[in-house]
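Here are my notes from going through the model, point by point. Keep the structure open while you read.

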Amino acid sequence: MLPRPLSALFLAALVVRSALAAEALILIHGNIHTGSAALPRAEAVLVQEGRIFSVGSSAEIARQAPAGARVIDLQGRTVVPGLTDAHVHLAGIGARELTFNLEGTSSLADLQTRLRERARQTPAGKWITGRGWIESKWVPAAFPTAAELDAAAPEHPVALKRADGHAIVVNSAALKLAGIDQATANPAGGEIVRDPRTGAATGMLVDAAKDLVERLIVAPDAAEISRALEAGAARELSLGWTQVHVAGVDLPELTVLRRLVAEERIKLRIYAAANGPGPAADELLTHGPGRVGDGRSFTSRTIKLYMDGALGSRGAALLEPYADYPGSGLLLHSEAELMPVLLAALRVGVQVETHAIGDRGNRLVLDLYERAFAAVPLARRGVREPRWRIEHAQILNAADIPRFAQLGVIASMQPSHAIGDLYFAPARLGAGRLTGAYAWRSLLDAHAVIAGGSDAPVERGEPMIEFYAAVTRRAPDGFSDANWHREQRVTRAEALRMFTLAPAFASFEEDERGSIEPGKVADFTVLSADLMTIPEAEILTTRCLMTLVGGEVVFDAK
């Protein structure tokens with residue numbers, strides 16, 4: 001159960017304060033799903049100074065509104081609490097929109113065609129980088145190779161990142177520049193995929209092995225980071241997201257993001273996690289949690305750690321070997337590297353979120369969290385209830401599912417991963433492990449909190465796709481089979497909570513956001529259809545018509 005303290009003191013102050021008419025807004029004649037048990041449905045809302053003053057019928061709200069208040073007549077349209085994406089890579093979204101986007105690549109031939117065209121537009125010898133390909137729906141479903149990239153772009157070094165961000169394929173020119181040959185050893189936490197017959201590098205580099213090439217590519221400067229972040233934020237607002245939890249940023253990006261919010265060039269609310277171990281995490285541990293802007297627009301109080309890789313590139317750490325590969329995945333950090341960060345974070349009140357996808361990766365994170373909690377008693381913690389998170393929690397052993405609630409660990413999950421991965425997860429895992437894959441129902445029944453996200457740009461990042469995936473556990477075309485375990489789907493009310501009140505709880509903001517109630521910030525998403533009642537297939541065609549953050553219309557489809 002998520003606690004929901006009432007903002008009584010704020011309400012008292014708001015009642016006695018004389019609000020200017022220019023600061024008042026009313027939304028009337030709406031179909032409002034409030035997310036509040038006290039008043040689940042309403043027609044209208046009165047907003048004063050960026051916060052919700054009252055909720056009720058259109059007649060009631062019209063009587064309360066000060067003269068000259070702005071009026072938005074919803075004409076029966078649906079309003080939900082401002083949606084939150086609890087796991088996103090904002091600069092990656094912007095970069096996808098601005099650069100070589102390989103999303104939707106339908107085959108190896110399609111990839112080669114796109115690369116060939118990009119090479120024609122790029123001076124010889126200059127790097128070609130891109131992201132978004134995923135081979136699981138290709139025929140055959142095989143990773144591309146350096147030789148296949150050479151056929152399309154022989155005069156450029158090429159590095160194309162898989163959609164999950166945990167692997168890249170590079171061509172022969174890039175392998176040569178990086179000095180990768182048959183004698184090159186796998187780095188810790190990474191794999192140079194090799195031809196089983198010859199031992200030669202195929203061009204696929206997984207997790208830490210990516211660094212062998214990526215360190216040769218010039219990092220974006222502050223101006224490029226700014227453009228990517230602003231483009232990403234604009235797209236998120238247009239989709240109806242009012243806040244995003246940015247899942248891991250390095251210090252340069254964190255600095256730019258903080259500035260853009262302070263300058264109001266980004267109106268999206270940001271809850272940013274600093275990558276760790278490293279300089280960004282060290283800064284947070286030294287200076288403690290921080291906020292920028294109005295105190296609610298930008299928050300930095302979280303460190304992002306990594307335990308394993310991704311399932312698609314076979315980097316997720318499994319308790320037993322892959323069903324279609326001799327290995328059992330990769331561990332990106334050791335206990336010796338992570339435990340000092342965990343202990344320091346507990347002492348200063350910094351939240352921790354850790355990427356874990358495989359069942360072994362998830363068990364190890366739960367074990368580490370449990371040991372850290374035991375080592376730092378409540379009296380020595382900066383925050384008594386730390387609300388630590390596991391990002392993805394995709395493959396779980398049945399014995400570990402109850403531990404989330406027992407330890408107070410939040411499962412930060414992305415429903416669209418299930419309807420994408422379940423095309424290839426049976427081959428990777430075998431039938432037995434699928435019962436603990438993307439186990440939303442089992443986690444909720446065990447009283448865990450699930451904060452819903454999209455992991456964009458790994459996935460499309462559209463809230464209606466995420467909602468649809470959570471409540472149907474079907475592909476967009478309606479496909480599912482026994483391997484998809486539809487018994488793990490959730491109700492529509494639970495799905496809405498996953499993208500509203502649960503992320504608010506995961507960011508320590510449940511008294512500020514997540515439901516439409518007096519005293520909370522006036523963040524709303526206005527939709528073209530009632531996603532709580534329409535046929536399932538129509539969820540995917542529902543669109544955001546308007547996004548309001550703090551009572552300000554920051555996106556209007558008109």
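1. Start with the contacts between helices α8 and α9: A222, I225, S226, L229 and E230 on the α8 side meet P252, E253, V256, L257, R259 and L260 on the α9 side. Contact here means heavy atoms within 4.5 Å, and helices (H or I, at least four residues) and strands (E, at least two) are DSSP runs numbered from the N terminus. This is a predicted model, so local features need pLDDT of at least 70 and side-chain atom pairs count only at pLDDT 80 or more, while totals for chains, interfaces and linings use all residues. Residues are numbered from 1 along each chain as its sequence is written, and side-chain values use heavy atoms, with hydrogens and water left out.

2. How do the two helices sit against each other? α8 (residues 222-239) and α9 (residues 251-262) pack at an angle of about 60°, with their axes 10 Å apart. That makes the pair oblique. Axes are lines fitted to C-alpha atoms, for helices over the stretch in contact, and angles run from 0 to 180 degrees between N-to-C directions. As for the classes, under 35 degrees is roughly parallel, over 145 roughly antiparallel, 65 to 115 roughly perpendicular and the rest oblique. The crossing of α8 past α9 is right-handed, i.e. the near helix is turned clockwise from the far one by less than a right angle.

3. α8 has another partner, α3 (residues 90-98): their axes come within 7 Å and cross at roughly 95°. The two are therefore roughly perpendicular. On the α3 side the contacts include L90, I93 and L98, and on the α8 side they include R227, L229 and E236.

4. Also in α8 is S238, which is partly exposed at a relative accessible area of 25%. (Buried means under 20% relative accessible area, exposed over 50%, partly exposed in between, using a 1.4 Å probe and protein chains only.) Leaving aside neighbours within four places in sequence, S238 touches C544 and F555. If you want a distance to check, S238 and H392 are 25 Å apart C-alpha to C-alpha, and 154 residues apart in sequence.

5. On to salt bridges, where the count comes to 35. The rule is a side-chain nitrogen of Lys or Arg within 4 Å of a carboxyl oxygen of Asp or Glu. Take R162 and E135, whose closest N and O atoms are 2.9 Å apart. R162 lies in strand β10 (residues 158-162) and E135 in the loop between β9 and α5, so the pair ties together parts 27 residues apart in sequence. R162 is buried at 1% relative accessibility, and E135 is buried at 2%.

6. D324 and R428 also pair up, again with closest N and O atoms 2.9 Å apart. This one links distant parts of the chain, 104 residues apart: D324 is in the loop between β17 (298-306) and α11 (335-348), and R428 is in helix α15 (residues 425-429). D324 is partly exposed at 29% relative accessibility, while R428 is buried at 6%. Elsewhere, shared partners join R96, E103, R235, E236, R460 and E462 into one salt-bridge network. Within it, E236 and R235 meet at 3.8 Å, N to O, and both are buried.

7. α17 deserves a look: 9 of its 10 residues are buried. Which charged residue there is buried yet has no salt bridge? E466; the nearest side chain of opposite charge, R460, is 9.4 Å away. For charge, Lys and Arg count as positive and Asp and Glu as negative, with His and the chain ends not counted. Leaving aside neighbours within four places in sequence, the contacts of E466 include Q414, E459 and F499.

8. Last, the backbone. Most residues other than glycine have a negative phi, and most peptide bonds are trans. The bond from V139 to P140 is cis, with omega near -5°, and so is the one joining G276 and P277, at about -10°. Q75 has a positive phi of about 50° and is exposed at 58%. D455 has a positive phi of about 60° but is buried at 7%. Just after α17, R473 takes a positive phi of about 50°.
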